[in-house]
Amino acid sequence: MSHPDITLYSDSHFFSPYVMSVYVALKEKGLRFELEPVDLAEHENQQEAYAELSLTRRVPTLLHENFSLSESSAITEYLDEVFTAPDFASLYPHDKQKRAKAREIQAWLRSDLMPIRQERSTEVVFAGLKSPALSEEGVYAAAKLIAGVERLLLEGHQNLFGEWCIADTDLALMLNRLIMAGDAVPERLVEYAHFQWQRASVCQWLALSAAKRR
């Protein structure tokens, strides 16, 4: 099967949870792609060439042949619609309501829980950064996240919807912001996040991030 030209533009340190989501999606689809780092510290994303490519001037941006697309959940939905089953693995549940719920989870993680994202950056997850105790706002956001996951994840299940989907990776990343900082998280959610972290596509991303720090 021939594969189209695909380039994924990433942060140069491989710390972005949103680039990670798209990277995992591409790996799960079995698609070959080029990974192009963008040095955000040097404002390469603000330069004219990248601004012409990316509407948002952010990462990730996907270039598929002559089509460019930014925003991670838009990219993963696009990939799932273009590279369909049975030739390619699905990123979202087949059931329409479960599929909508997975998209709801992705939107929630990207638009809410800001105290967690601010106080538990992905450097906690990918670089072992030590962080102070959560603020009052952070404690509230963590409780909200945990309550949401406990409601979503059925007892005895390792995935949200009976089989893996891209929302599992995104949700495990958010939980790991707390877990790897030493914050209190219920054991079954720790086990869920750990299980998701063993997935081959996730391990490949973790290896990229670790290699950058050597």
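Author: We will go through salt bridges, then rings, then strands.

Author: This is a predicted model, so local features need pLDDT of at least 70, side-chain atom pairs count only at pLDDT 80 or more, and totals for chains, interfaces and linings use all residues. Residues are numbered from 1 along each chain as its sequence is written, and side-chain values use heavy atoms, with hydrogens and water left out.

Reader: How many salt bridges does a search of the whole structure find?

Author: Start with the rule. A salt bridge is a side-chain nitrogen of Lys or Arg within 4 Å of a carboxyl oxygen of Asp or Glu. The search of the whole structure finds 11 salt bridges. One of them joins the side chains of Asp80 and Lys29, at 2.6 Å from N to O.

Reader: Which parts of the chain does that pair link?

Author: Distant parts. Helices (H or I, at least four residues) and strands (E, at least two) are DSSP runs, numbered from the N terminus. Asp80 is in helix H3 (residues 72-82) and Lys29 is in helix H1 (residues 17-29), 51 residues apart.

Reader: Are Asp80 and Lys29 buried or exposed?

Author: Here are the cut-offs. Buried means under 20% relative accessible area, exposed over 50%, and partly exposed in between (1.4 Å probe, protein chains only). Both Asp80 and Lys29 are buried.

Reader: Where do Arg58 and Glu71 sit?

Author: In loops. Their side chains form a salt bridge of 2.8 Å, N to O. Arg58 lies in the loop between helix H2 (48-53) and strand S3 (61-64), and Glu71 in the loop between strand S4 (67-70) and H3; they are 13 residues apart. Arg58 has 46% relative accessibility, so Arg58 counts as partly exposed. Glu71, at 32%, is partly exposed too.

Reader: What do the side chains of Asp112 and Lys144 form?

Author: Another salt bridge, at 2.5 Å from N to O. Asp112 is in the loop between helix H4 (96-111) and helix H5 (114-119), while Lys144 is in helix H7 (residues 136-152), 32 residues away. Asp112 counts as partly exposed because its relative accessibility is 24%. Lys144 is partly exposed at 35%. Salt bridges can also share partners: Lys29, Asp80 and Arg99 are joined that way into one network.

Reader: Now the rings. How many aromatic pairs are there?

Author: A pair of aromatic rings is described by the distance of the centres and the angle of the planes. Rings of Phe, Tyr and Trp (its six-membered ring) pair if their centres lie within 6.5 Å; planes under 30 degrees apart count as stacked, over 60 as edge-to-face and the rest as tilted. The count comes to 8 aromatic pairs. Take Phe14 and Trp205: their centres are 5.7 Å apart and their planes at 85°, so this pair is edge-to-face. Phe14 is in the loop between strand S1 (6-11) and H1, and Trp205 is in helix H10 (residues 200-213), 191 residues apart. Phe14 is buried at 8% relative accessibility. Trp205 is buried at 0%. Ring pairs link Phe14, Phe15, Tyr23, Phe33, Phe126 and Trp205 into a cluster.

Reader: Which residue lies over the face of Tyr92?

Author: A charge sits over a ring if NZ of Lys or CZ of Arg is within 6 Å of the ring centre and within 35 degrees of the ring normal. Arg103 lies over the face of Tyr92, 5.6 Å from the ring centre.

Reader: Last, the strands. Which way do S1 and S3 run?

Author: Two strands pair if DSSP finds at least two bridges between them. S1 and S3 run antiparallel, joined by 4 bridges. Leu8 stands opposite Leu62 in S3. S1 also pairs with strand S2 (residues 34-38), parallel, over 5 bridges. Tyr9 faces Glu36 in S2, and Ser10 stands opposite Pro37 in S2.

Reader: Why is S1 described as largely enclosed?

Author: Because 6 of the 6 residues of S1 are buried, S1 is largely enclosed by the rest of the structure. Asp11 belongs to S1, and Asp11 is buried at 6% relative accessible area.
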